[in-house]
Amino acid sequence: TQSTRPQRLLGAVQKKATRGNPRSVIQTIDQFCRQREWAMNVGDEKGCILDSVVTETNPTTVLELGTYCGYSTVRIASLLPPQARLITLEFNPDFARIARQVITWAGVQDKVELVEGASGDLIPKMKAQFGVNTFDLVFLDHWKDRYLPDTKLMEECGLLKKGSILLADNVICPGTPDYLEYVRNSPRYQSQYFKSHLEYTKVEDGLEKSVFLG
Ligand SMILES: O=C(NCc1cccc(CNc2ccc3[nH]ncc3c2)c1)c1cc(-c2ccc(F)cc2)cc(O)c1O
Ligand SMILES: [Mg+2]
C-alpha cells in the first residue's frame, strides 16, 4: 500500500537524524521538505522567529494547537527549561501517530504531552483534566478558522493571564483574517506582525505575536 507524506517524513528522520538530537531532527525535516516533498511544518525561516519568541518568553507551560508531524513541537520543547511542559493537541490520529515517533526520536518526549482530539473539546478540560492553571505561551497552527473561536474559548476558560503570549502561524497564507482583526483591534491584546515566508517557499506569510493584557 502507498505510504503517506507524514510516513515518508518520519522515515527520513529515522534514517538520517541522530536519535536524541532535536536540532538534527529539525534539520532533517527541513531538508526533506526542501529537497523531497513540501509539508506544512512551520519551517526554518518562521521557525527562527518561533525560537526567539520561546526563548524570550521562557515559558513554564506551553500549549500548541496543531501538532502535525511534531516539527514545531520538537523546536519548542528543545528550548524549554527542565521543569517546563508542552501540551500539543492533534485532531488527526494519523498525524498524531507519526508525531509521537518524531518527538521520541528527538528525545523531547519527557517535556511533551500529545493529546488527540479537537481544541474546542479539549481547551475546556485543560484545568480539570490536565492540571493547567494558565498558559505562558500558545502556538496556534491548526485549522485557520479555529484560531479566533479557540482564543475566545481560552479567555473564557481563564487559561490566559496578563502577559500570556499567543503566537499564530499562517496569518497571511492561508490566512486568518477574523483572528487578525480581533487581536489587532481588541484592547485586551498588544499585537505585532513578524513578516516572513510560507515554509520552504518565497510566498509571503508571517507570525502574529499577541500579548494578553488581562
Ligand atoms: O492548514 C494548515 N494547518 C492546519 C491543518 C491542516 C490540515 C489538517 C490539520 C489537522 N490537525 C488539526 C486540526 C484541527 C485541530 N483542532 N485542534 C487541534 C487540531 C489539529 C491541521 C496549514 C496550511 C498551510 C498551507 C497549505 C497549502 C498551501 F498552498 C499553503 C499553505 C501551511 C501551514 O503552515 C498550515 O499550518
Ligand atoms: Mg502552519
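This is a predicted model: local features need pLDDT of at least 70, side-chain atom pairs count only at pLDDT 80 or more; totals for chains, interfaces and linings use all residues.
Trainee: Which residues make up H5, and what is its reach from first C-alpha to last?
Mentor: H5 covers residues 93–106, which is 14 residues. Its reach is 20 Å, close to the 20 Å expected at 1.5 Å a residue.

Trainee: What sits at the start of H5?
Mentor: Asn92 does something there: one of its side-chain oxygens comes to within 2.8 Å of the backbone nitrogen of Asp94.

Trainee: And what follows the helix?
Mentor: Gly107, with a positive phi near 85°.

Trainee: Which residues of H5 are buried?
Mentor: Ala96, Ile98, Ala99, Val102, Ile103, Trp105 and Ala106.

Trainee: Switching to ligand 1. Which residues come nearest?
Mentor: There are 20 residues around ligand 1, and Glu90, Asp141, Lys144, Asn170 and Glu199 come nearest.

Trainee: How far is the Lys144 side chain from an oxygen of the ligand?
Mentor: An N or O atom of that side chain is 2.9 Å from an oxygen atom of ligand 1. For Glu199, a polar side-chain atom lies 2.5 Å from a ligand oxygen. Asp169 has a side-chain N or O atom 3.2 Å from an oxygen atom of ligand 1.

Trainee: How much of the ligand does the protein cover?
Mentor: 77% of the 730 Å² of accessible area that ligand 1 has on its own.

Note on methods:
Residues are numbered from 1 along each chain as its sequence is written. Chains are lettered from A and ligands numbered from 1 in the order in which they are written. Side-chain values use heavy atoms; hydrogens and water are left out. Helices (H or I, at least four residues) and strands (E, at least two) are DSSP runs, numbered from the N terminus. The expected span of a helix is 1.5 Å times one less than its number of residues. Buried means under 20% relative accessible area, exposed over 50%, partly exposed in between (1.4 Å probe, protein chains only). A polar contact is a pair of N or O atoms within 3.5 Å; within protein, one must be able to donate a hydrogen and the other to accept it, and residues adjacent in sequence count only if both atoms are side-chain atoms. A residue is near a molecule or strand if one of its heavy atoms lies within 4 Å of it. Accessible areas come from the Shrake-Rupley method with a 1.4 Å probe; for residues, only the protein chains shown count as cover.
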